[in-house]
Each structure stands twice: as C-alpha cells, then as structure tokens.
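Me: I am new to reading protein models. Could you walk me through this one, feature by feature?

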Amino acid sequence: MATSALMRFSVADYVIFALLLVFSSVIGLFYALSGGRQRTTQEFLLAGRSMTFLPVALSLLATFQSAVAILGVPAEIYTSGTEYWFLGCSYFLGLLIPAHVFVPMFYRLGLTSTYE
C-alpha cells in the first residue's frame, strides 16, 4: 500500500509565487500609470475597435478555456471514456449560432458586452 506524503510549499515554491504576484502587479501598474492610451471604456475593453481578428480570436479562446478544463477534460476522458467528446462536439456546434447571429448584432449596436 502506498503512503501519502503531506505536500507543502518549499522555499522555491514561495519564491516563484511571489515573483508571479510581483510581475503581474508591475504589469498592471505600468499600464495604469503610463497614461494616455486608454481613457475611455471603449479604448480599454475594445482597443478602440482597431484590433485585427487574431488577438480577438485568441482572447475569446482564452475566455472559453480555463485551467480547470485543460486539466480536467483529459482526466475525465481517461476515467469515464470517450463519451465526453459528445459534449465537446455539441459545445462547438452550439457556439456557431451565437458567433453568426448574436456577435454581429452586438457589434452593429456598438455594445461592449452582453450585459449592456
């Protein structure tokens, strides 16, 4: 029988975690204090509608995929079988309707989110 060891953060883990927090804070402070470019909500959320499709597509992909999904889906398929793929296929098909109906409508209305 395998014994489970109590897992704890080591000094290296704390250093990496602290560096991650500091680095993220520095990026946020730099863009908050650099001023000038992002004065309105439109400029902040939509970059003044001047971005090409690639950064927008990558941003949407990042919002749909989470770290939990990236780690959990392969584990779910491994333990429960491949019937989980049906959910993925239906999810993909279910996104075609909003992508072709709702997103163009929101764009023409000039809305920044569905909550407006």
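Reply: Let's start with charges: Lys and Arg count as positive and Asp and Glu as negative, while His and the chain ends are not counted. The place of a charge is taken as NZ of Lys, CZ of Arg, CG of Asp or CD of Glu. Here the 5 positive and 5 negative charges have mean positions 15 Å apart. Please keep in mind that this is a predicted model, where local features need pLDDT of at least 70 and side-chain atom pairs pLDDT 80 or more, while totals for chains, interfaces and linings use all residues. Residues are numbered from 1 along each chain as its sequence is written, and side-chain values use heavy atoms, leaving out hydrogens and water.

Me: How many helices and strands are there in the protein?

Reply: Both are DSSP runs, numbered from the N terminus: helices are H or I with at least four residues, strands E with at least two. This protein has five helices and zero strands. The radius of gyration, taken over C-alpha atoms, can be set against a globule rule of 2.2 Å times the number of residues to the power 0.38. For 116 residues that rule gives 13 Å, but the protein has 21 Å, well over it, so it is more spread out than a compact globule. Its C-alpha trace spans about 65 × 45 × 25 Å along the principal axes.

Me: What percentage of the residues count as buried?

Reply: Buried means under 20% relative accessible area, exposed over 50%, and partly exposed in between, with a 1.4 Å probe and protein chains only. Of the 116 residues, 1% count as buried. Pro74, in helix α4 (residues 67–80), is partly exposed at 48%.

Me: Which residues form the aromatic pair?

Reply: Rings of Phe, Tyr and Trp (its six-membered ring) pair if their centres lie within 6.5 Å; planes under 30 degrees apart are stacked, over 60 edge-to-face, and the rest tilted. The whole structure holds one such pair. Its rings belong to Phe9 and Tyr14, with centres 5.1 Å apart and planes at 70°, so the pair is edge-to-face. Both residues, Phe9 and Tyr14, are exposed.
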